[in-house]
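Here are my notes on the model, for reading alongside the sequence and the structure. Please go through the points in order.

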Amino acid sequence: MSWYRRLWLHPLGRVGLVMLGVVLVVAIFAPLLAPYDPYASARVTVDDIYARPTGAHLLGTDDAGKDVLSSLFYGARVSLIVGFSAATIALLIGGTVGIIAGYRGGKLGSGLMRITDFFLVVPELALQIVIVAIVGQSLRNIILVIGVLGWTTTARLVRSQTLTVRERKFVERARAIGAGDLPILIRHVLPQVLPLMLANTVLVISLAILSESTLAFLGLGDPTQISWGQMLNFAFSRGAVSAGAWWALVPPGLAIVWVVLGTTMVGNALEDMFNPRVGRHHLEKERGLRLRIDAPVPAANNIALSIRNLVVEFESESGPLTAVDGVSFDVANGQSVGLVGESGCGKTTTMLAALRLLPPGGSCPGGEVVFDGIDLTTLPEDELRELRWTRLAMVFQGAMNALNPVRTVGDQIVEAIRVHDNSQSRSAAMGRARELLELVGIGAGRADEFPHQFSGGMRQRAMIALALACEPEVIVADEPTTALDVMIQAQVMNLLVEIRRRMGMAMVLITHDLGVVAESCDRVVVMYGGVIAEQGTVDEVYSHPQHPYTRLLLEAIPDMDRPERALIAIPGAPPRLDELPPGCRFAPRCPQAFDRCHSERPGMSIIGPGHEASCFLLEESVRV
Amino acid sequence: MSEPVVIVKNATRSFPRHRTIGDILTRRPATEVKAVDGVSFTLSPGEVMAVVGESGCGKTTTANLVMGLLTPTSGEIEVDGLDLGGANRAALREARRRIQMVFQDPYESLNPRMTVYDIVAEPLRVHKATANRAEEKMRVEQSLEFAGLRPAARFGGLRPHELSGGMRQRVVIAGALVLEPAVLVADEPVSMLDVSIRAEILNLLGALATEKNIAVLMITHDLSTVAAYADRVAVMYLGRIVELGPTLDVMTDARHPYTQALLSVVPVPHPDRRRPRVILSGETPDPSRIPPGCRFHPRCPVAVAACESTDPADVQVSPGHTAACLLVTE
C-alpha cells in the first residue's frame, strides 16, 4: 500500500489532512472566498472600527474597519507561504548537514554536530528577534531567519538515520563493489532517509508557522502583509481588549491553533507509519485469549506439557492466515524434545502460542496446552504470568542481547527471582544468583559485572542462568546457540543438557539442526508448513525416518564420519502462509509425491509406540 | 596447476587498541591487536579454499586483506598480479572489479527498495563496464541464469522481500559474478540460511570455480558444512594458520589438536554414533595478548612443557598438508 493511502487510512492522519486541506483551499482561493479585499484602502467611519459581527461582516471588523473574515482568509496565504518556504530552507540545510555528518563521520561529522548542538541550545526566538530587528522586517527576511535557524532537529534526525543506514550490509556491499560516495548516497542512503524526513517536514512547517505568528505578534512581522500573527498584534496593540472586541482576537488565534494541530496530527501519523521505534515489540503484549467454559483436561501423570490440536492464526489484509494447523505433542517430565524444521515452518510460533506470547495479530482459535492439569489457553492472564518464568521458562533466540546493559548481571538475576518470590531477601537472592552463575560456568565472582564485560557465549549462559532462576519445570529454548561459535555452541549445549539432567527439567529445544537434536534430545518432532510431519524417539526417527521430509533433512546435514558424502539440498522453499498447498504441505517439494498428495491432506499413521508420521506413502504400505 | 591468482606471503595486520583515559593517566603503553599474525597461502583459479576458525581468529581480517579493503601491516598480498600493499587508489579501484564479495546475510545485503535487476546491474553501472543497455541486460540475465534464477526476465522485476533466503543469496552471487571477477570472497555464505538449502548455494559457489575458473575464498566458522565443499581448508587460530591441507586429508587425518577439537564437536546426526568430544574450555583469547610459545597451548588438551616457550613452525604431514604443532612429526 502506498504511503499516502496509509496516511489517509490512519485516523489521526486523515483528520490532520482534512484540517490542512481546508486551510490550503482557503489560502489558494482567498480572493474568491473573501467578501472584501483587506489590502484595499477604504473610507472608514468611526462606526466601522471594531464593529460587532453582523450579516455584512460575519466576524466583525478590526481597528482599521476592515473585515476580519477577509483578513483571516488572506492571512492563511502568508502563514502557508512562510511555513513552506522556511521549512524548505530548514530541510535543505538540515538534510545536507545530517547526511554529511552521518555518512562521513570522523572529524567533519563531529564538527558539524557540535555546530548543530550549538544552534540547538541557543534560544531560537531571542535570536530571531535580534536578527529580524537588524535585517529589517520583510517577509523574505522572516522566511530566511526562520529557515536558517530551524534546521537543527532535522539535522540530528537525518544524521542518526544515516548512521544506521550506513552500517547496513547493502551499503557495505555497494562499497565492496567499488561504488563511489555520491552514488551510494543517492541510490542507497537517501531512499531510506527520505520517509523519516517527510514526517519531520510536517513538524518543521508547523514550527515555522508558529514562529512567524510569534514574530508578527511581537511587532516584528512584515507590516505590509496580513498574517494571523499580524492580526493579533494589531488587535492587541490597538485596544481590542479594552474595546471588548473578542472577534478581532479569537479567529486568528484559533486559526493558528488549527494549522499547528493539523500539521502535528499529520506529522504524528507519518511518524507512526515510518518510524519502527513506535511499533510494539512482539513480546510486550499478549493476545489470543479465548474463553471456553468446560475445558476437558486429559489426566496424565508423567506429562509435563501437553499440546493438543493447537491452531494459530495471524490476521492479514486478506483474512486470517493459518500458521500452525493442529499440532499435538507431549513432553514428559524430565524429557527433552527437539522441535525441528526449516525456518517459517511454525516451530517458534507453536511454542510462543503455547506460552501465550504471540505477537499482536496472532491468535489461537483452537486447541489446548495443558501444563500440570491447567489449560494455559484459557487461564486468566495474571495467573498465567505467575506460571511463566517460575515454572515455564523460555530462552529466546538471540536472548543474549536481551540483558539490560546498565545493570549488573547479578542484579538482573536477583530481580527475576524476587519478582516471583518476594519472600526472599535481597542477599539470599544474590546468593542464589551467584550459585546460578557458578552452575552455568561463568563463576560467582562475575555477578557484579555488566553484560558488556561478557562475551556472546557468556551472555547466553547468563540468560540460561536467568531462565533457571526459579527452577522451572519446563524450559523452552529457541535456537539457544545460533550466532555463537562452534566451540561455544558445544559448551552451551553441553551445559543445557547437563543442567537439565541434574535438575530433572523438561525441555523443548527449537532448532533447525538435526545434529544438535541427536546429541541432546530424547524425542524429536519434525514440523513442516505448520503441521507435524513426523515425531518419535530420536533413536527411532534417526534410524528409521518415515516421512520423506525427515529423510531429506537428514541428508542435508553433514556427517563427519562420512566426509566424502555430498550433501543434498531440498529444492524450493517452505510454503508461504497465504499459498498453502491444498493437499500435503510438503507435496510440491516431495520427490515421491503422487496425485493424491496434491489434492488430499494425509492423516497421521502410527508406525510404532510414540512414532507417527503424516504421509500417504505410509497409509498405502499399511494397506497393502 | 595454473599460476595462483592470490598470493599471501607472511601477511600481518595489527590494529592499534583504543586507549581509555584510564590507560593514558596510568601511562599504560598503547597496545596493538594482532588480528593477522603471519599468514601465508596461495589460491589458484578454479580452486575453492575455506578459511575456518572461531570469531576473533583473524579470518575476516584475512578476507578484507585479500579484498583490498585493508592494507597489510607487513608481508605481501598479491591478487591477480597486483600488489595490494603498494597499489595506489586508482589501481585498487580497478582491482576491485576483479575481486568480488558475497556477504553473510542475504536479508541485509540487498537494498530492499531496488529490483533484482538493478541490484545485479549495479556493479556494471558503477564500473561503467557495459557499452549500452542491451549489453547490460544481456550480462545481467546471464548472471541471473547462472545463479539459478530462471527465467531471468521474471526474477529481474522482483524485489528482495519477494524472494526466499536462498534466492536472495543467489541474487548476491549473481551481482558478484556479473563483473566476471578473478577472485570471489564469500564471508559465511550460508550461515544465515536453512540447513536444507545450504548445499545448493555451496554447489553454486563450486560451479563458479569449476565453470568460470574463479578462485573462491570462503570464510566460515563451520568446518562441517562449508569447508566440506572446499578443495582445501585452512584452520586459523589467533591470527595464524595452524593447519592447512586438502579437505579430505584435514577431515580424516587432522593433525593439529585445535583442528581435532573443532572436528570433534560437530554434532553427529545419529544417536547411536556418539563420539568422544573435546570441548575446549574458555573462549578464543584476546588477540592483543597472544600467549608466548605456541599460541594454542593454554587451551590445548595435549600441551607439553616445550609448547610454552617454542612457537611451532609448519610441519609437512603429507604433500600440501601442513600443521603447526610441536607434537606433529612428518
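**Notes on a two-chain model**

1. Strand S8 of chain B (residues 215–220) is mostly covered, with 6 of its 6 residues buried. A residue is called buried if 20 or more other C-beta atoms lie within 10 Å of its own, exposed if 12 or fewer do, and partly exposed in between, with C-beta atoms placed from the backbone. Strands (E, at least two residues) and helices (H or I, at least four) are DSSP runs numbered from the N terminus. Both faces of S8(B) are covered: B:Ala215, B:Leu217 and B:Ile219 are buried on one side, and B:Val216, B:Met218 and B:Thr220 on the other.

2. This is a predicted model, in which local features need pLDDT of at least 70 and side-chain atom pairs count only at pLDDT 80 or more, while totals for chains, interfaces and linings use all residues. Residues are numbered from 1 along each chain as its sequence is written, and chains are lettered from A and ligands numbered from 1 in the order in which they are written.

3. Chain B has 10 helices and 12 strands. The globule rule is 2.2 Å times the number of residues to the power 0.38. Of the 330 residues in chain B, 51% are buried.

4. Chain A has 24 helices and 12 strands. A compact globule of 624 residues would have a radius of gyration near 25 Å, but chain A has 34 Å. Along the principal axes, the C-alpha trace of chain A spans about 110 × 60 × 60 Å. Buried residues make up 46% of chain A.

5. Chain A contains an open sheet of 8 strands with mixed pairing, in the order S6-S7-S8-S3-S9-S10-S12-S11. Strands S6 (392–395) and S11 (605–608) of chain A stand at the edges with a single partner strand each, so one side of each has no neighbour in the sheet. Within this chain, S9 (residues 523–528) and S10 (residues 531–537) run antiparallel and are joined by 6 bridges. One of the pairs is A:Val525 with A:Gln535 in S10(A).

6. Where do the chains meet? In all, 48 residues of chain A are in contact with 50 residues of chain B, contact meaning that C-beta atoms, placed from the backbone, lie within 7 Å. Among the helices of chain A that each supply at least two residues to this side are H10 (181–217) and H19 (486–503). The residues on the side of chain A that touches chain B divide into 28 nonpolar, 9 polar and 11 charged. Ala, Val, Leu, Ile, Met, Phe, Trp, Tyr, Cys and Pro count as nonpolar, Asp, Glu, Lys and Arg as charged, and the others, Gly among them, as polar.

7. Buried residues of H19(A) include A:Val486, A:Leu496 and A:Arg500. Their cover includes strand S3 (336–340) of chain A and helix H10 (257–264) of chain B. After H19(A) comes A:Gly504, with a positive phi near 65 degrees.

Notes
Two strands pair if DSSP finds at least two bridges between them. Two residues are in contact if their C-beta atoms, placed from the backbone, lie within 7 Å.
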